[in-house]
Structure formats: structure tokens, C-alpha cells
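Welcome, and please open your viewer. We will go from one selection to the next and say what is there.

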Amino acid sequence: MTKGLLGTRRLLGLAAAAALLAAPASAAEPVKIGMITTLSGGGSALGIDVRDGFQLALDEEGGMLGGHKVELVVEDDGRKPDKAKEIADRMVARDKVQIMTGIIWSNLAIAVVPKVTKDGVFYVSPNAGPSLLAGKGCHRNYFNVAWQNDNLHEAMGKHVKDQGFEKLYILAPNYPAGKDALSGFKRFYGDDVIGEVYTKLGQKDYAAEIAALRDAKPDAVFFFLPGGMGISFLKQYSQAGLMNDVPVFGPAFSFDQTILGAVGDAALGVVNSSQWNKDIDNAANKAFVESFQKAYGRLPSLYASQGYDAARLIASALKAVGGDLSKADAFRAALKAAEFDSVRGSFKFGANHHPVQDIYVREVVKEGDLLTNKIIGKAFTDHADAYAGDCKM
Amino acid sequence: MLLLIEQVLNGLQLGVTLFLLAAGLTLVLGIMNLVNLAHGSLYMVGAFICASVAGATGSFLLGLVVALPATALVGMAVELVVLRRLYARDHLDQVLATFGLILFFNELVRILWGPRALFLDGPSWLSGTVEILPGIPYPAFRLAIIVLGLAVALFLAWLTTRTRLGMLIRAGASNREMVSALGVDVRWLYTLVFGIGAMLAALAGVMAGPIYAVEVGMGESILILTFVVIVIGGIGSIRGAFVGSLLVGVVDTLGRAFLPGLLKLFLMPATADGVGASLASMAIYILMAAVLIWRPRGLFPAHA
């Protein structure tokens with residue numbers, strides 16, 4: 001019986017493969033988009049928001065993007081590079097996806113993106129923006145719709161400098177994105193900080209670092225501790241009674257809608273940097289925030305906005321080529337042109353296919369019982385990344 | 001000097017949190033000879049139950065009171081349904097099965113509570129700082145953890161050395177077959193010990209909640225430290241778990257606090273920061289290796 005079943009399944013598979021070979025892709029067939037993102041374990045809140053933002057754009061068009069039927073294949077990478085790579089290989093070889101997106105973490109992106117873009121797949125990153133892929137490792141089929149990793153840290157460096165803080169204590173986890181973060185910060189703040197500390201990746205207890213920090217008597221603290229690390233750090237910093245004496249600054253990742261609820265009032269009043277916020281005043285953003293809340297019953301995070309923008313960018317390019325991805329050059333040119341209404345307002349790509357965009361300074365405020373962010377200023381206008389010069393396409 | 005005292009205190013506090021986890025884990029490993037990777041999942045379950053009860057009622061203490069027995073029940077259910085089948089199998093099977101339990105609990109918690117981290121704050125009367133020495137304000141909640149952890153250590157010492165249950169636990173740790181040959185229902189003893197271990201894990205999770213992030217997967221990183229603790233302390237020994245926890249807590253904290261600074265005496269500052277951070281995260285493993293060279297079975301092994 002079992003054997004019979006297997007045989008049938010194999011036959012069906014062969015038949016399907018034969019059908020695929022027989023019928024060349026035509027514009028009438030759905031465009032296949034593969035999404036690899038983190039949906040389980042620690043950090044799944046980020047992947048789920050990217051997926052939901054992307055899905056929202058799809059649902060708004062009734063399962064289409066740019067007027068063309070789209071088949072979205074979503075798989076969970078569990079935050080593991082080897083798993084992401086395996087899924088990517090399968091999506092390219094078996095599912096024959098033409099466009100990929102979804103990866104949250106830089107180490108996963110580095111494992112997947114160079115391979116799939118070489119295979120002729122277009123990759124639109126809704127989050128991870130490692131310096132390698134913006135500079136030496138850039139590729140004509142790779143587009144990042146979110147930011148280059150350093151951008152938000154650079155904005156905070158400039159803001160802290162402009163505010164006249166002189167004795168800075170800075171912390172990040174001891175891994176590539178952590179080092180990029182602190183060098184991005186120093187690129188605009190300057191190298192003169194009184195303490196530069198690298199913590200263990202995934203560390204939960206910061207008592208030792210906070211005691212040393214208090215002893216160094218800084219006048220401000222900058223930290224990049226994504227996910228649970230940031231929640232722990234902020235709670236402990238506040239419990240140590242430092243929040244009122246020494247202000248903290250950080251990128252949006254520790255103050256976005258997915259974690260503010262867990263940090264609680266400790267985050268109130270903290271200034272952070274982001275390329276997006278729900279109060280950016282344009283029609284696309286208003287509609288996005290409203291329909292996201294209606295569809296999912298929660299406020300969107302910046303990750304959701306990035307997923308949504310990724311889908312809308314792809315939609316604009318699909319529209320330009322009439323859904324026919326065999327016109328690869330035209331599709332690429334349409335992606336590069338980025339003619340869609342970004343929820344961020346003004347948005348365009350630089351020569352290395354990374355955003356040239358405004359970066360805002362936000363403050364954590366309370367609306368009713370809910371903690372959220374409010375824009376209080378702008379750190380950069382039309383800001384590009386520092387690696388574009390190394391990119392030869 | 002004041003900074004050193006503060007950092008030692010920080011180390012003790014981390015050690016005490018580790019002890020709550022290690023005590024349960026070492027009992028299970030020592031008595032049932034079961035490698036339970038899912039111990040961290042019970043820590044997570046305890047924290048999540050406490051966070052939701054505290055979120056609904058506004059009372060941390062009520063959350064604590066509900067979370068402990070509830071997690072003990074979850075633990076005993078897991079023992080009855082899954083682990084009972086694993087005692088006779090080798091450690092590799094146990095590792096595989098309990099790793100599966102980690103994935104199961106992570107998904108279950110995500111389905112029940114959603115992917116976002118939860119909020120949990122301690123009671124308001126423990127929210128401030130206490131000036132333990134002039135110029136060192138220390139968070140009151142962390143002091144409470146130290147006090148509670150020491151109380152639990154005393155309670156466990158009393159339980160294992162002065163009660164009948166404790167006698168059975170110690171006997172079970174040193175010779176299982178003999179205990180069952182003497183007519184003790186070992187199955188019942190195992191379930192009970194597992195329940196106690198789960199309750200201690202929940203207590204650790206609840207006390208960690210207001211300091212750390214209450215999120216899916218929170219038990220995994222701390223579980224690694226806990227295994228280091230019981231290897232150093234000697235498998236199956238509560239005393240070993242206590243000494244091992246404090247050693248690991250203090251060494252880890254002092255390493256993070258002072259190694260980069262010490263290295264700056266010899267190296268360029270930028271290099272010292274990087275090397276110091278890497279060395280500090282290795283410190284406890286170096287400690288473990290050193291202890292194992294000196295005493296291959298840990299400091300206080302239960303099986304003579």
C-alpha cells in the first residue's frame with residue numbers, strides 16, 4: 001500500500017515536471033515569489049511582521065501585485081543560516097521562484113543572497129542590509145528596500161553629536177552587525193568615546209556592564225542590542241536608576257512596536273532613529289497604518305512597513321513589464337526606478353541598489369495606554385550608505 | 001574597590017538565578033540519569049504564566065503563586081507522557097527527544113501568547129534602588145533575588161538532609177537499583193522530583209522576568225550556562241550546584257567587567273575591547289576545563 005502511494009506520488013511529480021518543461025512561462029501564469037523569513041523561535045516577531053506587511057499589499061490587490069497574479073511561497077528559516085540556504089536552494093530548483101525576499105538577519109542574507117542572485121533570481125531585501133552586499137558583494141539582481149545596516153546608527157551618531165553630548169559610552173554585541181553598528185555611529189559622532197563595550201551575543205544580564213558604565217560617568221549612552229537583548233538592557237538600566245541621569249539613545253530596533261510593550265514605561269521618552277514611523281504624513285502611509293491595524297488588530301512595526309514596501313516595489317516593477325519576468329533587464333530597470341508610493345514618502349535607490357532616503361529622530365511616547373513613537377526631527381535628508389563606492393556592477 | 005564589591009554582588013545575583021535552574025536539572029540528571037534539555041522550556045513557561053497572570057491582575061505576587069504550581073503540573077505531565085519512556089534509553093535518545101520538546105514548547109508558547117515578548121515588572125515595593133554601601137545604589141529586585149535564592153538553597157539543604165523524601169532523593173542519586181529493590185516506588189519518586197525541578201525552573205523564570213526579556217526561546221541561552229554549572233558542581237549534587245552556580249556567576253560577571261580593562265594595560269584599546277569581550281565570554285568554559293582537569297567528576301559528585 002505504502003509502496004503504491006509512493007509510486008503514485010512519484011508519477012504525479014514526474015507528470016508535473018513534464019508539464020512544467022512543456023509549457024514555457026507565459027504572462028498568464030502566476031509570478032512565483034519565495035519568502036524565507038523567521039517565523040519561529042526567538043526573533044519571530046520580526047519575520048511575522050515582514051510577512052504580514054507583504055501579505056497585506058497582496059491582499060489589497062486581491063492576490064495580485066501590479067495587476068498580475070502572484071503565488072507567494074513562505075518558509076520559516078528558524079533564524080538558522082544553513083536552514084535558510086537549504087530552503088533557498090529548494091525554492092530555486094524545485095519551486096522555480098523568480099523573485100525572493102523576506103530574510104531578517106544579515107548572516108542569513110550573506111548565506112543566501114549571493115547564490116540566488118547568481119542563479120538569476122531577483123532578491124528584494126525587506127530588512128538585512130550587510131555592508132558586504134552594499135559594497136564589494138553587490139549584485140545587479142539584489143535590491144534592499146529597507147536600509148544598509150549602518151544607516152540608523154549613523155543617524156543616531158549625528159543626532160547625539162548635534163545635541164552636544166561629549167562623553168559617550170557605547171555598547172553592541174560582539175558580532176559583525178554589532179561592530180558595523182558602532183563604526184556607523186562613530187562615522188558621524190567621531191572616534192572620541194569614553195567607553196566602547198562589546199557584549200556577548202544573546203546576553204541577558206547587563207549588571208556588570210551597567211555598573212562599569214555608571215563608574216565611567218558618561219553623559220549619554222548609545223546601544224545597539226536587537227531583540228530580547230535590548231529589552232533586558234533597558235529594563236536593567238531603568239532598575240539601576242540611571243534613566244533620568246544618563247539618557248540612552250539607540251536605533252529603532254530596540255524601540256519598535258514589536259518590543260515596546262515588553263519594555264514598558266522604562267522606554268518612555270527615549271530618543272531613537274528610524275527611516276519610518278506611523279506618523280509620517282503621506283497618503284500611502286496613512287492607508288497602510290489603517291489597513292494593517294484593521295487586518296491584524298495591532299500597530300505595524302517598521303518591519304511591517306518594510307515588508308509592505310518590498311511588495312509594493314515588486315508590484316511597480318511587475319506592472320512595468322506586464323508580469324513577464326523573461327524581460328529581466330526591463331524588470332531590473334523598473335525595480336531600480338522604484339516608481340511606487342513608499343510609506344516613507346520620498347524614496348529612491350542609489351547606484352548600489354540601496355535606499356537613498358530620509359532618516360528620522362523619534363521619541364517614545366504614550367498614546368492612551370499604548371507605548372509608541374513620535375517623530376521629533378530629521379537626522380538626514382536623502383542619506384546614502386558609505387559602501388556605494390565599493391560596488392562595481 | 002567599591003566597583004569591585006558591586007560587581008561581586010552582581011555575580012552572586014547571576015549565580016543565584018543559575019542555582020534555581022541548576023538545582024532542578026542536577027536532581028533530574030543525578031537521580032533519573034536523564035539529560036533534560038527542555039529544562040529551559042519550563043523556565044520559559046513559568047515566566048510566561050506569571051507575566052500573563054500579572055498582566056491580567058496587576059499583581060506580580062499572584063503571578064508567582066499561580067506560576068509555580070502550574071509549571072510543576074506541566075513538568076509532571078511531561079514526565080508522565082514523554083520522559084518516562086526515555087529512562088532506559090541512552091543519552092543520545094534523551095537529548096534528541098528533549099530537544100524536540102524545546103521546539104514543541106517554543107511553538108506552543110508562540111501559538112498561545114504570540115510572537116512578541118511579554119511585559120513583566122516586579123512588585124512596586126521592589127522597584128527602587130537600595131544604597132547598600134555609600135555611593136552604590138543597588139536595584140532592590142536584584143537583592144530580593146539573592147535573598148530568595150539563598151532561602152531556596154537552605155530549604156533544599158533541609159529537604160535533602162533532614163526529610164524522608166530527601167533521603168530517598170539522595171539514595172536514588174547514589175544507587176537507583178538498590179532503592180527500588182528496597183520497595184520504594186521509584187516511578188512516583190521520579191515524577192515528584194521532576195515536579196520539584198519544574199517548580200524551581202519556574203521560580204527562576206519568574207524572578208528573571210522583571211530583569212530579562214520574557215520571550216520565546218528565553219530558556220535556551222541560560223540552559224547552556226546551567227549545564228556548565230552542574231558539570232562544574234558535580235552531577236546530582238545540590239551542594240555542587242550551589243557552589244558551581246556562584247562560581248560561574250562571579251567568574252562570568254568579573255570577566256565581563258574587568259578583562260577588557262586589564263588587557264588595556266598590555267594591548268591597544270581597540271584590540272583590548274575585542275579580545276577582552278571574546279575572552280570574557282570564554283571565561284566560564286576555561287573555568288570548567290580547569291575544574292575538570294583538577295576533579296574530573298566535578299567538585300562534589302553525587303555518585304561516589
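Select Ile314(A): leaving aside neighbours within four places in sequence, Ile314(A) is in contact with Leu65(A), Ile99(A) and Val124(A) (contact: C-beta atoms, placed from the backbone, within 7 Å). This is a predicted model, where local features need pLDDT of at least 70 and side-chain atom pairs count only at pLDDT 80 or more, while totals for chains, interfaces and linings use all residues. Residues are numbered from 1 along each chain as its sequence is written, with chains lettered from A and ligands numbered from 1 in the order in which they are written.

Now select helix 2 (residues 39-57) of chain B together with helix 4 (residues 91-113) of chain B. (Helices are DSSP runs of H or I, at least four residues, numbered from the N terminus.) Their axes are 10 Å apart, and the helices pack at an angle of about 15 degrees (axes are lines fitted to C-alpha atoms over the stretch in contact, and angles run from 0 to 180 degrees between N-to-C directions). That makes helix 2 of chain B roughly parallel to helix 4 of chain B (angles under 35 degrees count as roughly parallel, over 145 as roughly antiparallel, 65 to 115 as roughly perpendicular and the rest as oblique). To see where they meet, show residues including Phe48(B) in helix 2 and Phe105(B) in helix 4.

Note on methods
Contact = placed C-beta atoms within 7 Å. Helix = DSSP H or I, 4+ residues; strand = E, 2+ residues; numbered from the N terminus.
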